[in-house]
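Hi everyone, thanks for coming along. I'd like to walk you through one model today, so please have a look at the screen while I talk.

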Amino acid sequence: MTGAAEQFDVLVVGGGKAGKTLAMDVARSGATVALVERGMIGGSCINVACIPTKALVTSARAARQLGGAAELGLAVEGWRVDVDLLRAHKEDVVDGMVAANRQQFLESGLHLVIGAAEFVAPRTVRVALPDGGTRLIQGARTVVNTGTRPHLPPIPGLAEAGVLTSDDLLRLARLPRRLTVLGGGTVGVEFAQMFAAFGSAVTVIEAGPRLLPREDPEISDAIAGIFAADGIDVRTATGVGRIDRNPDGSVRVVTADGDAVDGDAVLVAVGRAPVTRELNLDAAGVRTNERGFVVVDEHLRTSAEETWAAGDVAGSPQFTHASLDDYRVIRSQFAGTPRSTTGRLVPYTVFTTPELLDPDAGHWSIRPVRDARSERSYLTDTLVLRTRHTTTQGAVAVVDALALEPGARGHDVGLRSPRLLARIVHGVSGTVPVRMHYRPRFEYGRVIAYLQEQDGVLIASAGATRLTLRASVPLTCGEGEAYADFTVREGQVETFTLGYAPAYDTEPPEAYDARDVVDNAVSAWRSWLNLHDYQGLYREQVRRSALVVQGMTYRPSGAVVAAATTSLPEQLGGERNYDYRFVWARDFSFTLQALWRAACSDEANRQFAWLGRAIGRIGDDPVPIMYGVAGERDLTEHRLEHLAGYADSRPVTIGNDAWRQRQTDVPGEALGAAWLMREHLDDPLPADVRHLLRALADRTVTDWRRPDAGMWEARDTQRHHLSSKVLCWTALDRAVRFGARLGEPADIARWAKARDEVRDTVLDRGWNASLGAYAGTLDGDELDSSVLLMPLVGFLPAQAPRMRSTIAVIERQLSHEGLLRRWEGDPAGFVICSFWLVGCLALSGERERARRLFEDLAGRANDLGLFAEQIDPFTGEQLGNFPQAFSHIGLINAAGGLSDLEGRTPGLGAPPNHRLPRS
């Protein structure tokens with residue numbers, strides 16, 4: 001073929017996770033993108049790796065349950081493994097995801113080219129098309145993402161013996177009666193257990209000293225024990241001498257020790273090799289190593305200019321989420337904010353049955369002995385959890401409730417709660433063997449408790465903590481743990497309670513009947529919710545979120561914690577793992593608005609009273625941005641080096657050093673909240689409230705010119721964040737609106753002058769004509785979703801031309817599938833930012849689109865209707881601390897805003913109007 005090459009802004013060779021995600025993302029931003037893929041639409045994960053293998057793992061687990069039915073007295077006759085049905089099940093799953101990827105490609109605007117690519121020059125490929133033609137394609141930037149294929153080692157006789165790779169075995173032409181697996185790594189272990197469940201006699205040969213050689217020895221030993229129970233023959237510390245095809249068609253593997261293992265099929269699972277040989281990378285100027293992997297630096301740049309490599313082919317860990325992070329690394333360079341792979345931790349999962357728990361973890365589990373399908377729900381209008389476990393033997397339900405004060409109802413719920421958890425096991429159907437495992441670990445896992453039984457109560461004590469466990473079934477104690485094995489029949493009920501008390505209290509925790517605890521909790525939660533009859537749009541979602549926010553409220557003080565957890569990562573394997581078990585003043589105004597809509601002014605009054613006590617008198621230091629639930633200031637951060645963290649995401653921290661930061665938006669939160677509550681504050685204002693609000697307004701007059709850490713709490717450099725300036729304007733605007741209730745004429749004039757200066761500065765230095773949007777910082781050139789607060793606090797109307805343009809640009813460049821990132825390169829969608837976008841769209845007149853976006857976001861909650869802080873837009877996985885009050889507050893306020901615009905807020909009505917901009 002001759003002629004000029006077709007020109008694209010970005011050329012992606014290979015449609016793996018990194019390549020396809022990058023191609024779609026860049027195409028959506030308006031660039032021209034060509035994605036060349038040999039034939040696996042969606043990449044190897046969808047076609048020959050993660051998805052099809054996990055579909056078959058699920059089938060294998062079902063086969064295990066059926067195969068073990070007789071052990072539990074159940075006669076299950078006539079079941080068999082149908083290879084055609086297995087293959088159809090797997091192909092249905094794969095075909096559905098391939099079709100979904102095709103549709104996403106189409107909607108993104110990328111140019112998909114099916115064919116085999118070969119480089120003929122830097123950033124230029126010749127593509128051999130299926131119809132015999134060719135195309136010449138060149139990209140200003142090029143990314144190689146061709147992945148890997150199963151590696152076939154140089155074993156004598158291997159090529160002639162007709163061995164199988166994982167790709168071959170997934171096609172399931174027949175079920176081998178005897179399967180020999182070469183390799184005891186992740187792939188070998190998963191396939192071995194899978195085919196053993198399907199009825200194959202399996203032998204695993206591993207050259208290393210144990211299975212899963214990259215895991216801790218305890219994990220390997222546990223897997224070896226499971227394999228022994230499953231009848232899988234494991235041979236370690238021996239290599240393979242040769243492989244022969246026997247006259248009867250079977251395959252013989254001769255080990256280095258001279259042993260012979262015969263089988264119908266041999267699976268080779270000893271690693272993967274890069275798909276680079278056919279790419280002619282020398283012509284592209286791209287260097288590879290001795291194994292054929294593309295050589296890259298920490299930014300995934302190759303030896304050729306404007307050329308990157310991602311995923312397995314670049315030597316990245318062979319997991320889909322590692323490839324996805326490669327996309328983020330490359331995309332950040334396109335955006336001018338380079339990230340790197342340096343220090344990256346990559347969590348991963350091996351799918352075994354049963355699953356393995358960290359051997360050192362503290363926990364309290366109640367679950368069926370055998371595999372079960374589990375479904376969770378809250379009892380209607382409560383925070384009482386019900387989990388139904390369905391097995392081949394029958395079904396049981398476990399109901400969990402935190403105790404509330406007996407008889408407490410309405411606004412008294414939570415004031416004097418006993419420190420006790422009740423759990424009830426109900427027999428739903430059949431006869432189900434159940435195991436309870438209790439392993440208390442104190443001081444974040446550093447202290448193993450002493451267990452002592454006294455008068456039928458199991459006491460765990462160590463350090464400053466004492467727990468008392470009461471159970472209706474006999475308990476067996478071990479060293480630092482206890483078990484109970486029991487059988488539950490239809491209609492049978494077993495109960496457990498776990499109470500807490502400081503170790504040196506003279507009295508142990510009070511005994512409660514578990515059934516009374518659950519009944520009282522149900523009545524208490526429903527009494528609270530019935531006081532707050534929200535009648536606007538999306539009533540059920542708002543009521544659920546209101547319950548969540550109330551559940552995260554420390555009722556004695558009225559403080560609402562940001563989340564109930566610490567150190568759940570914003571990015572798996574990443575380092576942004578913070579302790580959110582505190583209260584942020586930044587969230588305050590939004591929390592009050594949500595409580596006003598979904599609850600009532602009583603809740604809001606308590607919130608404002610708490611803030612006043614927590615802030616206290618304003619001195620020369622920065623206004624504190626966060627507190628403990630009782631108003632504590634010093635929240636010094638500590639790392640728990642002995643903990644691996646969720647999905648190996650270190651560090652695990654307690655405390656949060658953000659408490660030391662300057663965030664100049666805090667006065668805006670407090671004064672915004674006071675303005676919201678103005679009709680419920682005494683007139684004249686109480687002296688302490690008046691002093692606090694005046695001091696905050698006066699502080700803003702001087703502080704608004706200062707840089708700060710911003711609402712995203714940057715830990716590097718302070719900047720002039722636009723959202724902070726807008727909240728400074730909010731503080732001064734609300735102070736002016738209070739007028740004589742708050743200040744003298746001279747005060748009001750001083751606040752008004754500063755307010756106008758802030759506004760002029762934001763309008764002049766916040767706008768970036770090149771972006772066509774307000775930037776995240778003064779004189780900045782990067783987008784930030786926090787500027788969507790401008791219309792929400794009344795700084796600018798959403799229909800103003802520049803604000804409308806800002807909303808459109810942010811949605812186009814930071815949104816994916818309706819999930820809005822905070823900035824370019826943010827690893828996942830930030831839930832409350834996405835709900836801010838709903839509010840902005842509605843205020844700009846796009847109500848129908850705002851409603852569709854709201855419904856899509858609300859549908860991303862988990863099975864219990866709960867949100868974390870962030871959601872991965874590609875996998876749907878919730879990320880960050882959980883549940884996140886800010887996310888639920890965003891839902892409530894977005895639903896309320898939509899209701900306001902449609903006149904759907906009867907009864908309590910909308911919060912007092914505070915959105916009108918200065919005239």
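Let me begin with a question: is Phe886 buried or exposed? Phe886 counts as buried, because its relative accessibility is 4%. Here buried means under 20% relative accessible area, exposed means over 50%, and partly exposed is in between, with a 1.4 Å probe and protein chains only.

A quick word on what you are looking at: this is a predicted model, where local features need pLDDT of at least 70, side-chain atom pairs count only at pLDDT 80 or more, and totals for chains, interfaces and linings use all residues. Residues are numbered from 1 along each chain as its sequence is written, and side-chain values use heavy atoms, with hydrogens and water left out.

Now to the rings. Rings of Phe, Tyr and Trp (for Trp, the six-membered ring) pair if their centres lie within 6.5 Å; planes under 30 degrees apart are stacked, over 60 edge-to-face, and the rest tilted. That rule gives 14 aromatic pairs. One of them joins Phe195 and Phe198, edge-to-face, at 5.7 Å centre to centre and 85 degrees between the planes. Both of these residues, Phe195 and Phe198, are buried.

Our opening residue has a partner too: Trp836 and Phe886 sit edge-to-face, 6.3 Å centre to centre, with 90 degrees between the planes. This pair links distant parts of the chain, since Trp836 is in helix 21 (residues 831–843) and Phe886 in helix 23 (residues 885–901), 50 residues apart. Helices here are DSSP runs of H or I with at least four residues, strands are runs of E with at least two, and both are numbered from the N terminus. Trp836 is likewise buried, at 4% relative accessibility.

There is also a cluster, in which ring pairs link Tyr538, Phe835, Phe854 and Phe867. Most residues other than glycine have a negative phi, and most peptide bonds are trans. You will find Tyr538 in the loop between helix 11 (514–530) and helix 12, and it counts as buried because its relative accessibility is 12%.

Where else is there a positive phi in a residue other than glycine? Glu306 has one, near 55 degrees. Glu306 lies in the loop between helix 9 (281–284) and strand 16 (307–309), and it is partly exposed, at 37% relative accessibility.

As for peptide bonds, the one from Phe882 to Pro883 is cis, with omega near -15 degrees. Pro883 belongs to the loop between strand 42 (878–879) and helix 23.

Next, charges over rings, meaning NZ of Lys or CZ of Arg within 6 Å of the ring centre and within 35 degrees of the ring normal. The charged end of Arg141 sits over the ring of Phe334, 4.4 Å from its centre. Arg678 lies over the face of Trp675, at 3.9 Å from the ring centre.

Let me finish with helix 12 (residues 539–551), where we find Ala546. Ala546 is buried, with 3% relative accessibility.
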